[in-house]
Amino acid sequence: MAIRYEHAKPLVGAIVDADKAQFADAQFADECRELLEERTVLIFPEANLSDEEQIVFSDLLGMRSDYGANMQEDGEDEDESSEIYQVTLDPEIKMDTQYVYATWFWHMDGVTAMQDPPAATLISARNVAGDGGQTEFASTIAAYETLPDKQKAMLGELRASHSVYAGVRPLLDYSIRPEDWDGTYSKFDHPLVWTHESGRKSLVLGVQMEQIVGMKMIEARAMIQRLMEWATQPDFKYRHNWQEGDLVMWKNLGAMHRVAPYKVDSGRMMHRTSLARMKVPA
Ligand code: OGA
Ligand code: MN
């Protein structure tokens with residue numbers, strides 16, 4: 001492999017040293033895909049990609065998903081950047097800020113919106129928060145692979161339901177009942193243990209988990225909490241302290257992620273693309 005990188009942490013993350021031109025190179029993209037399978041999170045410090053360059057790189061890696069596309073008003077011109085999802089609390093940008101606040105809690109993208117959540121997410125930092133705004137990743141591949149065999153077998157039989165309501169629940173006042181909430185109560189079941197194309201497995205976890213199918217609620221909640229604690233132990237985590245221009249990509253179902261709280265007026269702006277599937281090697 002010609003790609004130059006070093007490990008961020010022994011069990012998760014690779015910091016890739018790349019020149020801007022490489023992001024348009026198909027062979028480099030192939031090597032990134034391979035490295036992603038191995039390391040779960042790839043960090044490209046100061047890649048400084050434009051939206052167009054981020055789209056070109058995304059398209060070399062796989063098939064883009066329109067998951068989470070920013071809302072467009074009728075009749076408004078769609079410029080090229082409408083293919084980029086802007087993650088920001090800026091009130092000038094039309095979006096449902098509830099979902100942006102929900103990123104402050106451990107989650108995986110798209111688990112409440114579709115049966116096949118995105119394979120990978122790419123985020124580049126356009127504007128960083130002065131205070132807070134770091135993004136943390138917790139490898140649920142490492143979490144799965146280090147479990148005792150007996151527990152792997154037991155968890156491999158289970159499915160869990162994930163809902164938007166559970167995902168936004170931490171933001172809502174306790175007096176707000178599901179029927180008072182004005183969002184969409186979308187919910188999907190997923191296996192608790194996800195098998196990736198590489199054959200590696202991970203745990204599908206996050207704040208959106210509502211229930212483990214067929215289990216008593218109290219037992220499910222206790223199991224979810226314990227699995228989340230297991231998965232977020234320091235050795236499985238990487239915390240990214242953003243510099244403007246950094247690009248980070250990760251296997252969406254291979255790691256939970258969350259953002260350290262930041263202020264509405266911090267100016268934090270991230271540009272996101274999601275990959276529905278990775279390209280299959282020729
Ligand atoms: C998201 C998300 C991370 C970040 O948009 O789903 O988790 O660093 N963003 O803003
Ligand atoms: Mn996210």
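Reader: Does Glu46 count as buried or exposed?
Author: In this predicted model, Glu46 belongs to the loop between β3 and α2. Its phi is positive, about 45°, although Glu46 is not a glycine. The threshold for an exposed residue is a relative accessible area over 50%. Because its relative accessibility is 52%, Glu46 counts as exposed.

Reader: Which residues of helix α2 are buried?
Author: Helix α2 spans residues 51–61. The cover over its buried residues includes α1, β3, β4, β6, β14 and β16. The buried residues themselves are Asp51, Gln54, Ile55, Phe57, Ser58, Leu60 and Leu61.

Reader: With which side chain does the side chain of Gln54 form a polar contact of 3.2 Å?
Author: Gln54 sits in helix α2 and is buried, with a relative accessible area of 0%. Beyond its neighbours within four places in sequence, its contacts include Leu122, Leu247, His271 and Thr273. A polar atom of the Gln54 side chain lies 3.1 Å from the backbone oxygen of His271. The side-chain partner at 3.2 Å is Thr273.

Reader: How far apart are the C-alpha atoms of Gln54 and Leu247?
Author: Gln54 and Leu247 are 193 residues apart along the chain, yet the two residues are in contact. Their C-alpha atoms are separated by 9.0 Å.

Reader: Which protein atoms are the donors of the manganese ion (ligand 2)?
Author: Along the chain, the donors follow the spacing H-x1-D-x147-H. His107 lies in the loop between α3 and β6 and His257 in strand β15, so this pair ties together parts that are 150 residues apart in sequence. Both His107 and His257 are buried. The donors lie 2.1 Å from the ion, and they are His107 (NE2), Asp109 (OD) and His257 (NE2).

Reader: Which strands each supply at least two residues of the shell around ligand 1?
Author: The residues around ligand 1 include His257 and Val259 as well as Met270 and Arg272. Strand β15 comprises residues 255–259, and β16 comprises 269–278. The strands that each supply at least two shell residues are β15 and β16.

Reader: Which residue has its backbone oxygen 2.5 Å from a polar atom of the side chain of Ser202?
Author: Ser202 lies in strand β11. Its relative accessible area is 0%, so Ser202 is buried. Apart from neighbours within four places in sequence, Ser202 is in contact with residues including Tyr144, Trp194, Leu253 and Gly254. The backbone oxygen at 2.5 Å belongs to Leu253.

Note on methods:
Residues are numbered from 1 along each chain as its sequence is written. Chains are lettered from A and ligands numbered from 1 in the order in which they are written. This is a predicted model: local features need pLDDT of at least 70, side-chain atom pairs count only at pLDDT 80 or more; totals for chains, interfaces and linings use all residues. Side-chain values use heavy atoms; hydrogens and water are left out. Donors are N, O and S atoms within 2.8 Å of the metal (3.2 Å for Na, K and Ca); water is not among the atoms, so sites may look incomplete. Helices (H or I, at least four residues) and strands (E, at least two) are DSSP runs, numbered from the N terminus. Buried means under 20% relative accessible area, exposed over 50%, partly exposed in between (1.4 Å probe, protein chains only). A residue is near a molecule or strand if one of its heavy atoms lies within 4 Å of it. Contact means heavy atoms within 4.5 Å. A polar contact is a pair of N or O atoms within 3.5 Å; within protein, one must be able to donate a hydrogen and the other to accept it, and residues adjacent in sequence count only if both atoms are side-chain atoms.
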